[in-house]
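This report examines selected features of the structure shown below. It begins with a single residue and then turns to other parts of the chains.

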Amino acid sequence: MKLIREPLLHFILLGAVIFAAFAFFSRNRTDKPGEIFVTEGTLENIINGFTRTWQRPPSQSELRGLVQDYIREEAAYREALSMGLDRDDTIVRRRLRQKLEFLLDDNASRTEPTDAELQSFLEKHAALFRSEPTFAFRQVYLNPQLRGTNLAQDEARLLADLQRAGPNADLSYAGDPFLLAQNFETTSLAEVRQTFGDQFARFLSTLSPGSWSGPVASGFGTHIVFVTQRNEGRLIAEQIPSSGFPRHSLHNIFSH
Amino acid sequence: MRGHKIAATSVVILGLLVALSFPAQAFAQEPPPPAQDLEKVFPKKPPYSPYANRHFPERVYWGDTHLHTSFSMDAGAFGCRLTPRDAYRFAKGYEITASSGQPARLSRPLDFLVVADHSDGFGFFPLLFNGDPKITADPQGRRWYEMLQNGQGAAVAIDIVTSFGKGAISKAILPVPGTVAYQGAWQEVIKSADEANDPGRFTAFIGYEWTSNTGGNNLHRNIIFRDDGSRARLIEPYTTQKPLGSDNPRDLWKWMSGYEEKTGGHVLAIAHNGNLSNGRMFPIIESFTGKPIDREYAETRALRERLYEVTQIKGDGEAHPFLSPNDEFANYERWDKGNLDLSEKKKPEMLEFEYARAALRNGLKQEQELGINPYKFGMIGSTDAHTGLAAIDEDNYWGKFTTSEPSPQRATHPLIKTENGTIMGWEETASGYAGVWATENTREALFDAMQRKEVYATTGPRMVVRFFGGWDFENRDASSRNPAVVGYTKGVPMGGDLSNAPTGKSPSFLVAALKDPIGANLDRIQVIKGWLDSKGETHEKIYDVVWGGDRKPDPKTGKLPPVGDTVDVPNATYTNTIGASELIKVWKDPEFDPAQRAFYYVRVLEIPTPRWTAYDAKYYGITMPPEVPMKGQERAYTSPIWYTPGK
């Protein structure tokens, strides 16, 4: 008979046997409403928990007590769930969130970013890894309150004078008295911004060394400026090295 | 050139001094070589570079010496969740999320910061909030933790703060020195500071606040370390609760000496809020003994407390109108209803021992009697914010507590309320910062500048203020292109001393101020003089030295007319059309008596600008009650220069 040799039939029959056996053996195991089963696994869990705390297995009477307690807890838990007590509860929500976050954090910290990921992060956030540009400069100040309506004229004359005098112009009597220095040695752009304000810093960052330029306004008045030296900020790492400090710090920033 | 002549003269003088100070018999050293040989070592001519041999401070560094984070029990209880790490990050200019959930950022980074959390109960709140097992194992800790988790944070906060005040916190969970919890918190503070410290760019000091507050009377001091964690880790902060700590400043000073002896490091202490001490901050009679202060007190205080925090969120402490009735600017951001917790009302006779100017005056008197001046302090401002945010610009004010971070209600909610009175939210003062003239931005340089008092206070704006005193300043020094060079060459900077007046000479002062580059113009510079007369009475007088605009003092009263007012309150704006961007002048004391002790300090006033309450009203579209001030004149106070008659 061909039918007897048909693998599909074998499959169906075998399947039926397995299902029947499973239904037979587990007929008492499925928790029906109103029934609580303490399985081997649960029992083992209870015993292990006790042993961890007390450094010995529970005695018979202790175990009975623990099981009783488990049953009570399970009953209360099911009852509470069926009444919907888990809903709109701050503590339950917070605990679930915490569990999920633990899970996610754990996963995130375990995955090592690939070189490609780090490289694209570096390119996207280059500013984070750039050292600041610095400037050395001289400046001459004109006080608008002293100069009044002649300010524009005085600015033009001062600029021309300074351009004639060149890089080593004697500034002892140039411009107006001013509390800030005329000569600034290597100063970061952030420090220039702090001292003179944003407009001045932006102007300075457009200048190349070697000529008197201006006028530029600050919060104090106007200035003629000579950049003696400028150092562009540079990227501390352009390529992702396979190991070492830049990679480590990049990894840290990336992970956060 | 003038500058060169001065420098040349001083080199010759230096040469002479060096030569004179080598009397062979006084030292067991070699006899001096002939003068012409010495001249080769000390050249007559100054170096070509005018910048060589010139290492005085050229830049003022801005910071806050007094900021609390969630590590302070009260800050944590009132909702602060930011840590010392967050606080340093914010001070460096990064945008962060405040505890109230709003994005916050400074207009400009600060140059330095001291996180100064209360040493009593240090680090308690982060442990509680995170449900640390040590806390939740204790019944009281468990109860608080569960209340927190149930959203009863406010009730917990009140319970904790009152229990702490009564000493009713369970011993098992109270972080006191010696416990693991306490040491953990201190290590974390040290680590945060050491990691944030970036020499040359940003200084993160290790520090804490010693919060002596018996009876609600504020005797608080901030402790600042010059050192890094390798030394600070060897000790634990000093607390006020017995038996480990004490509420008496004398015991704190002993602790400070103990630290220095044990580790070879250095610490300094800065007191604040005399206005909430009810007559105890600058005592003549010590509140702890009822006896007059003695020489030991004066000596130790002068050594340990070289600075005073004169302005902060809980009011301005320079001068009080009751003590200085002739000072039209004394009534500034006044907090004088009582002590810190308003458990005791203020009485007028307490004021003399609370305000900086009165203390500087009493110091002269004490010096006459004890031979040493206990109140010879320089002045700085700081925030005392309990938010982790050192943000006190009027247009960017982040409040005293997390509960007073920006909101439409913060101005009209009471901050403190007892049967003795109420302090409303709007009374908070958006103030102040510390300006430090240091040679570089490092812990060492800033600390040393603080110790020599070359510092000043502002109520927020970052104006540059120079103040030099000497005997030879001339009017034309004020028109020098680089006044600082003249100042350091011919005189002493703020915080310095003058003595031995040359016959017939009065002290002269070079005073200069430059407005905040993004702030308001200046109204005027004043010199405030205090002195002790031959009968042992102290006096004060205020001189308007230089001002913006072409105003003339009233010929009868001598009073300078007000600068004017451009504030548009509804729009919270002003214009720099009045005042001056820079003021500079040489001033000579017209009433100098070489036999009388005296001090001189500078007060710089800005033109009127909108107060934080005006910015709040504009942003939230609310109307403030009529009693709420909406504008003010921000200011700076320098450390004094003292004159002491020669012997």
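In this predicted model, Asp516(B) counts as buried, with a relative accessibility of 4%. Its side chain meets that of Arg108(B) in a salt bridge, with an N to O distance of 2.8 Å. This pair connects distant parts of the chain: Arg108(B) belongs to the loop between strand E3 (103–104) and strand E4 (112–115) of chain B, whereas Asp516(B) belongs to the loop between strand E21 (508–514) and strand E22 (522–532) of chain B, and the two are 408 residues apart. Arg108(B) is buried as well, because its relative accessible area of 11% falls under 20%.

**Further salt bridges**

Over all chains, the structure holds 57 salt bridges.

| Pair | N to O distance |
|---|---|
| Arg108(B) and Asp516(B) | 2.8 Å |
| Arg334(B) and Asp336(B) | 2.7 Å |
| Asp565(B) and Lys631(B) | 2.7 Å |

The side chains of Asp565(B) and Lys631(B) meet at 2.7 Å, N to O. Because Asp565(B) lies in the loop between strand E23 (538–547) and strand E24 (582–588) of chain B, and Lys631(B) in strand E27 (residues 631–632) of chain B, this pair ties together parts that are 66 residues apart in sequence. Asp565(B) is partly exposed, at 41% relative accessibility, and Lys631(B) is also partly exposed, with a relative accessible area of 37%. In the pair formed by Arg334(B) and Asp336(B), Arg334(B) counts as partly exposed at 33% relative accessibility.

Salt bridges also link Glu318(B), Asp327(B), Arg357(B), Arg361(B), Glu540(B) and Arg603(B) in a network.

**Buried sites in chain B**

Is Lys400(B) buried or exposed? With a relative accessibility of 4%, Lys400(B) counts as buried. Lys400(B) is placed in the loop between strand E13 (396–397) and strand E14 (414–418) of chain B. Its side chain reaches the backbone oxygen of Asp384(B) at 2.9 Å. Leaving aside residues up to four places away in sequence, Lys400(B) touches Ile313(B), Lys314(B), Asp384(B), Ala385(B), His386(B), Thr387(B) and Glu428(B).

Trp253(B) is found in helix H11 (residues 249–263) of chain B and is buried, with a relative accessible area of 2%. Beyond residues up to four places away in sequence, Trp253(B) touches Arg221(B), Tyr297(B), Thr300(B), Arg301(B), Arg304(B) and Glu305(B). The C-alpha atoms of Trp253(B) and Pro243(B) are separated by 17 Å, the two residues being 10 residues apart along the chain.

Helix H15 (residues 483–490) of chain B is largely enclosed by the rest of the structure, because seven of its eight residues are buried. Which residues of H15(B) are buried? They are Pro483(B), Ala484(B), Val485(B), Val486(B), Gly487(B), Tyr488(B) and Lys490(B).

**Chain A**

Chain A contains 11 helices and four strands. It has 256 residues, of which 30% count as buried. Among contacts in chain A with a separation of 6 or more, 63% are between residues 24 or more positions apart. The accessible surface of this chain comes to about 17800 Å², and carbon and sulfur atoms account for 57% of that area.

A nonpolar patch on the surface is formed by Leu3(A), Leu9(A) and Leu13(A), which together have about 270 Å² of accessible area. Leu13(A) is located in helix H2 (residues 7–25) of chain A. Its relative accessible area is 49%, so Leu13(A) counts as partly exposed.

**Confidence of the prediction**

The model scores ipTM 0.71 and pTM 0.80. For chain B, the mean pLDDT is 91, and 94% of the residues reach 70 or more.

Key. Residues numbered from 1 in each chain as written. Chains lettered and ligands numbered in written order. Predicted model: local features only at pLDDT ≥ 70, side-chain atom pairs only at ≥ 80, totals over all residues. Heavy atoms only, no water. Buried < 20%, exposed > 50% of the residue type's maximum accessible area, 1.4 Å probe, protein only. Polar contact = N/O pair within 3.5 Å; in protein donor to acceptor, adjacent residues only side chain to side chain. Contact = heavy atoms within 4.5 Å. Salt bridge = Lys/Arg side-chain N within 4 Å of Asp/Glu carboxyl O. Patch = residues over 30% accessible without salt bridge, like charges linked within 9 Å, V, L, I, M, F, W, Y side chains within 5 Å. Areas by Shrake-Rupley, 256 points an atom, 1.4 Å probe, with all protein chains shown as cover. pLDDT = per-residue confidence, 0-100.
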